[in-house]
Every structure is written in C-alpha cells, then in structure tokens.
Amino acid sequence: MRTLCLSLAAASALVAAYAHAGEPPKEPAKSEAKPKGKARTIEISVTDDGYQPTPIKVKKGEPLRIRITRKTDKTCANELVIKETNINVPLPLNQTVEVSYTPDKAGDVKFGCAMGMMVSGVLLVE
Ligand SMILES: [Cu+2]
C-alpha cells in the first residue's frame with residue numbers, strides 16, 4: 001500500500017514537472033497563437049458602417065485567426081468583444097489586431113463593441 005502511494009505521488013510529481021517544462025519560455029507569446037493546424041484567416045475592418053464584412057460563414061471546430069483593423073475614429077467600436085467568450089480586445093486605430101478563436105458549436109456568434117454590441121457583426125457557425 002505504501003509503495004502504491006509513493007509511486008502515485010512520484011507520478012504526479014513527474015506530471016507536474018513535465019507540465020512545467022512544457023511551458024514555453026517567455027519568448028514569443030505569438031508562437032502560441034499560431035495554431036498547429038491551418039487556421040483560417042478572416043480579415044475584418046471596422047469602418048463607418050461598422051464591422052465589415054458581416055455576416056461571415058465559418059465552420060464549427062475550425063480554428064480562426066481573426067485579423068481586425070479599425071479604420072475609423074467615427075465609431076464606438078473601439079474593441080472586439082465576442083459573445084460567450086472572454087475575448088475582449090482593444091482595437092487601436094489603423095492597427096491590425098489578431099485574435100484566435102475556434103467556434104465550438106453551431107449557431108450565430110455575435111461580435112461587437114463593448115457597449116452591448118450596439119455596433120456588431122455575426123459569425124454564422126455551421
Ligand atoms: Cu458601442
């Protein structure tokens with residue numbers, strides 16, 4: 001019994017050590033964003049007309065690399081919020097921001113500004 005407990009402890013220590021070693025050094029936070037498979041790149045602009053294009057058809061389980069650029073100051077859409085995720089990133093003017101997102105269920109996923117998505121777009125997940 002004692003040996004069993006010991007080996008269990010050793011095993012979990014090993015797992016912990018391995019998990020820790022598996023963490024990338026503080027080097028590129030970007031490489032982590034690069035998905036191993038091919039992510040589909042979606043370009044979105046924020047213009048006077050809101051998020052463009054919209055709606056966007058995507059597939060459930062398909063990794064997306066959303067590249068979004070705010071091109072106008074005449075909008076309240078100064079960030080990208082994706083409903084039902086914790087994605088909420090600021091959109092500096094004329095700067096492309098990359099967001100990785102994989103829709104995990106079919107349906108409409110609304111994205112928009114932080115104020116209740118008054119300005120918004122839709123991902124049609126199928
Ligand atoms: Cu708004």
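Predicted model: local features only at pLDDT ≥ 70, side-chain atom pairs only at ≥ 80, totals over all residues.
## Overall fold

The protein contains two helices and nine strands. Read from the N terminus, the order of elements is α-α-β-β-β-β-β-β-β-β-β.

Of the protein's 126 residues, 16% count as buried. Among contacts between residues at least 6 apart in sequence, 63% join residues at least 24 apart.

## Cis peptide bonds

Most peptide bonds are trans. Two cis bonds are described here. The bond joining Q52 and P53 is cis, with omega at about -5°. The bond from T54 to P55 is also cis, and its omega is near 0°.

P53 sits in the loop between strand 2 (50-52) and strand 3 (56-58). P55 belongs to the loop between strand 2 and strand 3 as well.

Most residues other than glycine have a negative phi. E84, which is not a glycine, has a positive phi near 65°. This residue lies in the loop between strand 5 (79-82) and strand 6 (88-90). With 11 other C-beta atoms within 10 Å, E84 is exposed, because the cut-off for that class is 12 or fewer.

M117 is not a glycine either, and its phi is positive at about 55°. The loop that holds M117 runs between strand 8 (107-112) and strand 9 (120-125). M117 has 16 other C-beta atoms within 10 Å and is therefore partly exposed, a class that falls between the limits of 12 and 20.

Strand 5 has L80 and I82 on a covered face, while E79 and V81 are on an uncovered one.

Strand 5 pairs with strand 6 in the antiparallel sense, over three bridges. L80 of the covered face stands opposite V89 in strand 6. The two strands form a hairpin with five residues between them, and the turn includes E84 with its positive phi of about 65°.

Strand 5 is also joined to strand 8, by two bridges, and this pair runs antiparallel. Here I82, again from the covered face, has F111 of strand 8 as its bridge partner.

How values were computed
Residues numbered from 1 in each chain as written. Helix = DSSP H or I, 4+ residues; strand = E, 2+ residues; numbered from the N terminus. Contact = placed C-beta atoms within 7 Å. Pairing = 2+ DSSP bridges.
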